[in-house]
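Please examine the sequence and the model displayed below, then work through the exercises.

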Amino acid sequence: MTPPTLTYPLLTALATVLLPFVGFLLSAAAGRRAKSGAISITAIALAVVAAGCTFAQVWGNDPIHAQWHWFTIGERAFHVGILLDHISVWMLLLVTAVALPVHIYSVAYMKGDAGIHRYWTYLSLFCAAMLGLVIADNLLLLYICWELVGFASYLLIGFWFTKDAAVQANKRAFIINRIGDIGFLIGFAILYSAFGTLDITALFGDHGFFAAHPGADAAGTGAQSALPAGWLTAAGLAFFLGAMAKSAQFPLHVWLPAAMEGPTAVSSLIHAATMVAAGVFLLARIFPLFDDTVLLVIAATGTVTALVAAYFALTQFDIKKILAFSTVSQLGFMMVGIGIGVYPIALFHLATHAFFKCLLFLCAGAIIHEMQHHSDRHRLGIDPQDIRNMGGLRRYMPITFTTMFIASLALVGFPLTSGYLSKDALLVHAFEWAADRQGAAHTIPYVLAFVSILTSFYIFRLLAKVFFGSAATAPLTNGRTSLHDPSLWMVGPMVFLGACSLFPLFTFHPLNDGHVWLLQGITVSKPWASLPLLHLAIPSGSALATLAVALLAWRWYVKGAYALKTDGLLYRLSFHQGYLDSLYDRVVVGAVLGIARALRGLDTHVVDGLVHGFTAFGRNLANIAGWMDQRIVDGLVRLIGKLAWGLGNMVRRTQSGRLQGYFSGLFLLILAILLYHMIVQA
């Protein structure tokens with residue numbers, strides 16, 4: 001196979017991946033000298049330029065696919081390559097465009113941290129792994145980058161490893177993602193055993209095994225002939241298990257809220273366009289694999305995840321946990337987009353969500369940063385992440401308030417924001433899809449509409465308790481505070497992301513998703529009829545519901561007319577996150593510990609007992625053998641020795657040197673012989 005020519009798009013795509021990786025190597029080599037982050041920031045800034053060049057060359061043109069020989073096992077040759085199509089180049093640009101402001105923000109946010117050199121090293125590795133994942137041309141290379149993303153997130157979540165909560169959080173993330181990785185491995189093992197290749201283009205390209213597959217039961221003829229439908233369903237479900245863990249779908253979502261123990265800047269990147277986006281990207285990449293059964297499972301799981309996570313977010317007081325459950329809920333929306341067959345809409349929502357969710361976390365980080373200084377300055381000893389300790393902050397942090405308000409509007413899908421275009425597009429397509437469905441599937445869009453209302457409630461509750469109402473601490477109440485917007489290093493990225501959360505980034509038609517350039521570049525056929533009335537009714541109803549919920553939140557949390565009980569079952573279920581953590585601790589962790597204790601008892605009492613028994617038996621056998629050796633064997637040896645000694649002593653006495661004695665002995669011997677013969681003959 002002749003190596004392909006490295007064209008300009010291939011070179012820029014390689015540069016996009018290698019620049020952060022080189023930044024990782026240089027930061028690791030520099031050690032504590034890499035405190036400033038200049039290496040990592042320069043690398044990701046150049047990666048943004050390279051990604052932009054790649055995007056400009058590929059978008060609107062045919063895909064570019066290049067492969068190089070990797071290794072050979074037997075007669076099977078494996079190749080490593082780059083696949084540049086509309087999905088991959090858009091993800092390259094998205095990941096780098098979100099990662100750069102996070103890097104810049106981190107300069108001020110992480111200033112003074114003793115381990116900041118490790119932070120820059122891990123962050124560069126994290127970005128390089130995600131960028132490698134999106135341009136991988138085969139499932140094996142994608143899986144390697146998938147694992148690197150998980151490993152880097154493990155390092156970042158447990159960055160403050162002296163805190164037990166951080167250690168427990170990164171272990172939880174690592175273990176739960178290993179469950180999903182088993183599914184990923186099973187999925188590509190099934191495909192490789194059937195088709196003999198892991199090449200994404202050969203499997204899912206226009207002329208691949210699944211080329212005739214429109215995302216329904218009518219799988220491509222090549223796929224049908226190579227593998228029975230049941231195995232194809234199993235492969236699809238296995239891959240979805242991998243995406244469930246990585247993209248925090250119920251019930252494997254519990255690692256993501258716990259991951260808030262890492263630095264807030266890390267949380268923003270994980271929740272925006274890197275780790276949790278990897279699962280959605282994977283499903284979009286292998287979408288032709290899925291039949292109706294798998295797609296329905298994906299849609300149902302996404303719906304349940306969106307509902308449960310939004311319900312949990314309603315009563316949380318940790319500002320980062322509220323946003324974490326918001327991410328889980330929005331990932332559920334994206335999964336529904338995959339499940340109903342409109343993965344371009346899911347990717348569009350992933351893109352808009354990346355900007356406004358990153359902004360929400362950066363704003364939360366600014367608030368936490370200032371509240372921590374406020375607490376230290378006045379010796380309050382309060383939790384800087386608890387929204388009950390805040391209130392009225394808009395007067396002191398107007399830029400933070402404005403940018404977070406824009407991001408919140410985008411989250412609820414309010415007009416003139418990017419979230420309005422993607423979220424309402426997803427809702428409209430969900431209702432159109434459900435129009436031809438029966439049974440429980442018909443309820444999916446209605447559940448999503450209800451989740452949209454819950455989303456509006458928990459985010460406006462957060463805004464009301466943080467930025468409005470009365471101050472919660474005495475220095476704020478007395479006006480004796482130095483709270484202010486953070487430095488330009490933090491404000492600049494927030495303003496940039498705020499601008500990206502508005503509609504002009506995606507279209508100049510603020511109320512019509514049909515003109516979004518991203519959806520014009522990534523298309524998929526829809527096997528259902530369009531319902532024009534929904535394109536007006538759903539956005540209008542969503543906007544009115546958002547306004548109603550905002551007024552309710554204002555009345556409850558600003559005016560103090562709160563009317564709900566906080567000791568009811570529904571409240572406690574929401575506050576304690578459905579007691580899932582306790583359930584897992586008792587059922588899963590408890591079962592594992594029980595099995596471990598049983599195995600320990602088996603090892604101690606059975607295995608060790610057998611070992612000790614054999615040891616005692618061997619020792620006793622050795623004692624018996626020792627006694628026999630000493631008493632019998634050695635006794636016989638000594639007896640023979642004594643006999644030989646005695647006989648030798650007797651014979652020695654005959655050797656006197658006197659001839660008379662010798663003749664006398666000879667005479668007696670001859671006489672004895674003669675007497676013997678006489679007796680015998682007689």
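The exercises concern a predicted model, and each is followed by a worked solution.

**Exercise 1.** Determine in which sense strands β1 and β2 pair, and over how many bridges.

Solution. Strand β1 covers residues 64–73 and strand β2 covers residues 76–84. The two strands pair in the antiparallel sense over nine bridges. One of the bridge pairs joins Ile73 to Arg76 in β2. Two residues separate the strands, which form a hairpin. In the turn, Gly74 has a positive phi of about 65 degrees.

**Exercise 2.** Classify the aromatic pairs Phe55–Trp59 and Trp90–Phe506.

Solution. The whole structure holds 37 aromatic pairs. For Phe55 and Trp59, the centres are 5.0 Å apart and the planes lie at 20 degrees. Planes under 30 degrees apart count as stacked, and the Phe55–Trp59 pair is stacked. Both residues, Phe55 and Trp59, are buried. For Trp90 and Phe506, the values are 6.5 Å centre to centre and 75 degrees between the planes. An angle over 60 degrees counts as edge-to-face, and the Trp90–Phe506 pair is edge-to-face.

**Exercise 3.** Explain why the Trp90–Phe506 pair ties together parts that are apart in sequence.

Solution. Trp90 belongs to helix α3 (residues 86–109), whereas Phe506 lies in the loop between α20 (488–500) and α21 (517–521), so the pair ties together parts 416 residues apart in sequence. Buried means under 20% relative accessible area. Trp90, at 5% relative accessibility, therefore counts as buried; Phe506, at 1%, also counts as buried. Both residues belong to one aromatic cluster, whose members include Phe348, Phe355 and Trp517.

Technical notes
Residues are numbered from 1 along each chain as its sequence is written. This is a predicted model: local features need pLDDT of at least 70, side-chain atom pairs count only at pLDDT 80 or more; totals for chains, interfaces and linings use all residues. Side-chain values use heavy atoms; hydrogens and water are left out. Two strands pair if DSSP finds at least two bridges between them. Helices (H or I, at least four residues) and strands (E, at least two) are DSSP runs, numbered from the N terminus. Rings of Phe, Tyr and Trp (its six-membered ring) pair if their centres lie within 6.5 Å; planes under 30 degrees apart count as stacked, over 60 as edge-to-face and the rest as tilted. Buried means under 20% relative accessible area, exposed over 50%, partly exposed in between (1.4 Å probe, protein chains only).
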